[in-house]
Amino acid sequence: MLKTLLCSSFLLQNTYLYSLPRKFPYSFKPFRSPFSFIYPRPIHNCKVLAMAAPTTTSTSDPHKHSNRLATEHSPYLLQHAHNPVNWYPWDEEAFAEARKRNVPIFLSIGYSTCHWCHVMEVESFENEEVAKLLNDWFVSVKVDREERPDIDKVYMTYVQALYSGGGWPLSVFLSPDLKPLMGGTYFPPEDKYGRPGFKTILKKVKIAWDNNKDELIQSGAFAIQQLSEALSSSASSTKLPDGLPQNALHLCAEQLSGTYDSRFGGFGSAPKFPRPVEIQLMLYHSKKLEETGKSDEANESKKMVLFTLQCMAKGGIHDHVGGGFHRYSVDERWHVPHFEKMLYDQGQLANVYLDAFSITKDVFYSYVSRDILDYLRRDMIGPEGEIFSAEDADSAESDGASRKKEGAFYVWTTKEVEDILGEHASLFKEHYYMKPTGNCDLSRMSDPHNEFKGKNVLIELNETSALASKHGLSIEKYLDILGKCRRKLFDVRSSRPRPHLDDKVIVSWNGLVISSFARASQILKSEAKSTLFNFPVVGCDPKEYMEIAEKAASFIRRHLYDKQTQRLHHSFRNGPSKAPGFLDDYAFLISSLLDLYEFGGGLYWLVWAIELQKTQDELFLDREGGGFFNTPGEDPSVLLRVKEDHDGAEPSGNSVSVINLMRLASMVAGSKSDHYRQNAEHVLAVFESRLKETAVAVPLMCCAADMLSVPSRKHVVLVGHKASVDFENMLAAAHASYDPNKTVIHIDPTDTEEMDFWAENNNNSAVMAKNNFSADKVVALVCQNFTCSPAVTDPKSLEHLLSKKPSVIA
């Protein structure tokens, strides 16, 4: 392990790390570092510190200082543009200055909605004394990790390898040639409790650089070499061993089940993150068990997932008043959250709630998916359809306040609720467990520092039916009252100072959300016509969600795609960023384009997906060793090219890419299909040992591997005029049931362009469409294992066909 770096010539004791430790999954040859650390402890995630607004300084004149960040577009960099620290953006000017002065680089990486980034800014970067040390002894560089995930990956990997943990802000000291010397995350300004503060760290690094420069540089170079070898491994074969996909899927499900919290839902202990890839794995595994007749085991897996989704939706991690989900809960009960809202969480969570609805047809789950999507539509979408990145956890408690607090926008006192709701206040307080003293008392982890004393984070602890009965109300009337109450609170909350909005547009995160909007446009048509919705759910016609998805995809094509080079940019704010598109941008966008097409969008989305896959292969695919690198490898300042496999808060680009390749292989035929399948298997072969040994770290990759092993995906081919109600009804039927191993193709034989595309790429589909076309109805065929069902023209008949097990479709 890289922990051999801890051999030292001097001591930096007990650095603070604001982190959630995760064991680093790779091994390394021993090498030395002149630095030594006692293993760090994470700061308690719940602690809320008062802090200044990110865009102001502690001086009376907010523009007493200005630095090079003032010309940047990133919201995070602009927050630091008037610090007394002489910040540089990541560019050659900074590196040249470090070489010229022969001083180390201090690299600080964060993002605009990061709570502890704000804390460190207020405590250290707005401090004139700290700024002088940084300016005299270092060249200081700021990076937005959302704008440059490639840079963040290099140095976060280094810190995780040393300390088995990481987080933001990420604080790393580099040589002028960008090799890492030492690092950590959040550092307090002063020495406390026997631990060094940031000023002490700066002095020790200065001394080490002056006295041990050569050893430092040599150690950093060796660290990068070792990381590069470990993170860009090649496959010894282009094939996976027989049985490995099924074994990996079972192992991952078994490992997750072993961490299941049967009392409060979720996998693992506090802090609890909504990791949708785990939900996807368990639902996929349940489906496979069901298909093989193991219904009892399938139901057990399904129950874990559904209970977890219910607990999350009822918990404080869910914004009951405004919709959407916060980042994670600090306690085991999903109650008190870290209040930040991230776009990538919203997209993935909407999808798993849609999956749960597909399986159960329980509108509880469709309601939650709508809740998320309606929040995004209301608060997170720009005028051209672009979807913004995040909302901060912190906000001022009142207009004009100079300090911000975490959760201030979202928490309530009982008096506020009583004044706003009047006669219904008692009902509302009982429903959401509100108390005059505050309700953050359900767990010792919820509020250990009494930061939320007298405040309430809404949570549902009792069954709605029991509460309605207690109040002598029908469920419908009870829910209607709650909805009206939430609307009143929302209106009042809207007058509070809002959390900072990061209006940066990130291609990969937009892809995750485009997918959920597109899928919702058809899946939600299975809701009963009599379904009632209450605020914050709007209850729109599901087809409106497809319009949102297509508008967002169109924004990316207009502003972040070069039609000449067929390349993507990574992000947009006041124009495209300097950063190129990374693997996740291509993979997540391709996935969303396939969803756009399969769920009823035009053929051009499929054509664009094929174009992007070609570009992705050219830029990222290791054709000899297998697997996709995370970067194009064209920027010499990015020292690592990683083949990422970990499915964490976001799925890995390699996992999503394998699924994309399998979906594309099922749509085209012949050598093109074979090419996609071969690339998919070669990618998986790179991660063979991961699938064998630590499957729980790669749940989506386990699903992808199993998809590869399926002898034949189920094909649904719809033939007819697309601008008809019959077509929409048949398309909804095609997507009514949960089946990750299903491909939907729709063809209008009267459209010459469509027929030419299918004739070139999958002539069997073109012939099938031509032979089954009917001018006055839509025809559906279900095909698998080289056999197709008799054509059907009724949506119910199609749903019945698709509900059968694969072996009995013929």
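Mentor: We start with a pocket, then turn to a helix and the nonpolar cores. Keep in mind that the model is predicted.

The second largest pocket has a volume of about 840 Å³. Its lining counts 30 residues. Nearest the centre lie Phe364, Tyr367, Glu460, Thr464 and Leu479. Four helices each give at least two residues to this lining: H9 (295-314), H11 (363-379), H14 (464-470) and H15 (475-493). By type, the lining residues split into 13 nonpolar, nine polar and eight charged.

Now helix H26, residues 763-772. Its buried residues are Ser765, Ala766, Met768 and Ala769. These cover an arc of only 165 degrees around the axis, so they sit on the same side of H26. The face turned away from that buried side carries exposed Asn764, Lys770 and Asn771. What covers the buried residues of H26? The cover includes helix H25 (752-761) and strands S20 (714-719), S21 (742-747), S22 (779-784) and S23 (787-788).

Last, the cores. The largest nonpolar core has 165 residues. Phe173, Phe198 and Tyr353 have the most contacts inside it. Helix H18 (residues 583-598) supplies the largest share of this core, 10 residues. Look at Phe173, leaving aside neighbours within four places in sequence: its contacts include Ile105, Phe106 and Phe138. Lys179, Pro180, Leu181 and Met182 also touch Phe173. So do Phe198, Ile201, Leu202 and Val205. A second core is separate and has 32 residues, among them Val139, Leu162, Leu170 and Leu227.

Note on methods. Residues are numbered from 1 along each chain as its sequence is written. This is a predicted model: local features need pLDDT of at least 70, side-chain atom pairs count only at pLDDT 80 or more; totals for chains, interfaces and linings use all residues. Side-chain values use heavy atoms; hydrogens and water are left out. On a 1 Å grid over the protein atoms alone, a cavity is a set of points where a 1.4 Å probe fits but cannot get out, and a pocket is an open set with protein on both sides within 12 Å along at least five of seven lines; lining residues have an atom within 4 Å of a point. Grid points are joined across faces, edges and corners, and a volume is the space filled by probe spheres set on the points. Ala, Val, Leu, Ile, Met, Phe, Trp, Tyr, Cys and Pro count as nonpolar, Asp, Glu, Lys and Arg as charged, and the others, Gly among them, as polar. Buried means under 20% relative accessible area, exposed over 50%, partly exposed in between (1.4 Å probe, protein chains only). The arc is that of the directions from the helix axis to the C-beta atoms. Contact means heavy atoms within 4.5 Å. A nonpolar core is a set of buried Ala, Val, Leu, Ile, Met, Phe, Trp, Tyr and Cys residues joined through side-chain atoms within 4.5 Å.
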